[in-house]
Each structure stands twice: as C-alpha cells, then as structure tokens.
Amino acid sequence: MIRAIGYGGLAAGVLDILDAFIFFGLRSGARPMAILHSIAAGVLGRDAARAGGMQTAALGFLLHFMNAFIIAAIYVIVSRFMPVLRRRWVICGLAYGIVAYFVMSGVVVPLSNAGPGRIGFTLPATAVFINGLAIHAFGVGLPIAYFASQDRRV
C-alpha cells in the first residue's frame with residue numbers, strides 16, 4: 001500500500017507539475033517559479049508567496065507533492081474496500097482524475113488563501129479547462145489507479 005501511494009503520488013505530482021510548467025509557459029509565458037508561487041499562495045496568500053522568492057517556490061513545490069500524495073492515498077486506501085477500483089483501474093482512474101480536478105478547482109483552491117474564500121466553480125477559459133481535465137484524468141488519476149492495481153497485498 002505504501003509503495004502504491006508513493007509511486008502513484010510521485011508519478012501524478014511529476015506529470016501534473018510538468019504539465020503546468022509547459023502549458024502555462026506556452027500559453028501565457030508563466031515561469032516555473034511563478035507557478036510554484038501560485039501554489040504556495042494557497043497557504044500564504046498571493047502577495048506573500050510572490051515576495052518570498054525561492055523559499056516560497058520551494059514551499060509551493062512541497063505543497064504540490066503533498067497534495068499529489070494525499071490524492072494517491074485516498075484512491076489507494078479506498079481501493080482496498082472497493083476492489084473494482086483496482087480491477088477496472090483504467091476507467092476508474094480516469095474518472096477519479098476528473099473528480100480530483102473538480103474538487104481541487106471547486107473546493108480546495110476557492111477555500112485557500114489564493115481563492116475567494118467560498119466554495120464554487122466557474123468554468124475557466126476553454127483551453128485551461130480542457131488541459132485541466134486532461135492532465136487530471138491521464139496524468140493524475142490514471143497513474144495513481146495503475147499503481148493501486150499493482151498492489152497485490154490486499
């Protein structure tokens with residue numbers, strides 16, 4: 001179980017952050033440090049995160065991977081009680097990634113110090129929305145579900 005969480009969280013974290021660096025870099029010229037600052041802003045607020053330089057970028061990096069490992073842990077633990085999540089890992093992983101996207105976008109970010117302080121979901125620009133769904137389905141949910149499916153000690 002620990003191995004599935006570790007590998008799943010690591011794979012999801014790496015794929016998701018690489019997607020953010022590439023997608024937002026190409027779309028709007030965002031630099032990796034600014035993206036990491038935006039993650040840290042969830043805890044510190046936008047101004048403090050931007051003012052913190054490399055230290056708050058490192059915090060953003062750690063927070064990003066903490067979230068990835070939490071998302072992986074939830075799937076792996078629930079898959080022990082719902083074996084279908086391991087047997088049908090492709091469809092369940094894709095669905096889980098989409099659910100994770102909506103939870104992050106509609107609950108976690110809005111309630112963070114970077115959000116408006118209330119739960120709600122508004123659709124972002126089409127390209128951002130499509131990329132968000134795609135990376136969460138294929139780069140977050142799918143690898144987590146794969147590693148959960150390989151955990152034979154259930």
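Select D151 to begin: apart from residues up to four places away in sequence, it touches M1, A4, V76, R80 and R86, where contact means heavy atoms within 4.5 Å. The model is predicted, so local features need pLDDT of at least 70 and side-chain atom pairs count only at pLDDT 80 or more, whereas totals for chains, interfaces and linings use all residues. Residues are numbered from 1 along each chain as its sequence is written, and side-chain values use heavy atoms, with hydrogens and water left out.

## Stop 1

D151 is found in the segment after helix 7 (126-149); helices (H or I, at least four residues) are DSSP runs, numbered from the N terminus. Is D151 buried or exposed? D151 counts as buried because its relative accessibility is 8%; buried means under 20% relative accessible area, exposed over 50%, and partly exposed in between, with a 1.4 Å probe and protein chains only.

Because D151 lies in the segment after helix 7 and R80 in helix 4, the pair ties together parts that are 71 residues apart in sequence. A salt bridge is a side-chain nitrogen of Lys or Arg within 4 Å of a carboxyl oxygen of Asp or Glu. The structure holds one salt bridge. R80 is partly exposed, with a relative accessible area of 30%.

## Stop 2

Move to D19, in helix 1 (residues 2-28). D19 is buried yet has no salt bridge. Which side chain of opposite charge is the nearest to D19? That side chain is R27, 11 Å away; Lys and Arg count as positive and Asp and Glu as negative, while His and the chain ends are not counted. Not counting residues up to four places away in sequence, D19 touches F24, N131 and I135.

Select I135 next, in helix 7. I135 is buried, with a relative accessible area of 13%. Beyond residues up to four places away in sequence, I135 touches L15, D16, D19 and V140. For a distance check, draw the C-alpha to C-alpha line from I135 to I98: these residues are 37 apart in sequence and 8.9 Å apart in space.

## Stop 3: A72 in helix 4

A72 lies in helix 4 and counts as buried, at 0% relative accessibility. Display its contacts: with residues up to four places away in sequence not counted, A72 touches I5, G8, G9 and I144.

## Stop 4: Y96 and I71

Y96 has its place in helix 6 (residues 89-111). At 17% relative accessibility, Y96 counts as buried. Leaving aside neighbours within four places in sequence, Y96 is in contact with I71, I74, Y75 and G141.

Where does the backbone oxygen of I71 lie relative to the side chain of Y96? The backbone oxygen lies 2.7 Å from a polar atom of that side chain. The C-alpha atoms of Y96 and I71 are 9.4 Å apart in space, and the residues are 25 apart in sequence.

## Stop 5: the nonpolar surface patch

Select M66, I70, I74, I77, V78, F81, M82 and V84 together: they form a nonpolar patch on the surface, with about 710 Å² of accessible area together. Patches are made of residues with over 30% relative accessible area and no salt bridge, with like charges joined within 9 Å and nonpolar side chains (Val, Leu, Ile, Met, Phe, Trp, Tyr) within 5 Å. Accessible areas come from the Shrake-Rupley method with a 1.4 Å probe, and for residues only the protein chains shown count as cover. Helix 4 (residues 53-81) supplies the largest share of the nonpolar patch, six residues. M82 lies in the loop between helix 4 and helix 5 (84-87) and counts as partly exposed, at 42% relative accessibility.

## Stop 6: R50

Finish at R50, found in helix 3 (residues 46-51). R50 counts as exposed, at 54% relative accessibility. With M82 still selected, the C-alpha atoms of R50 and M82 are separated by 42 Å, and the two residues are 32 apart along the chain.

How values were computed
Helix = DSSP H or I, 4+ residues; strand = E, 2+ residues; numbered from the N terminus. Polar contact = N/O pair within 3.5 Å; in protein donor to acceptor, adjacent residues only side chain to side chain.
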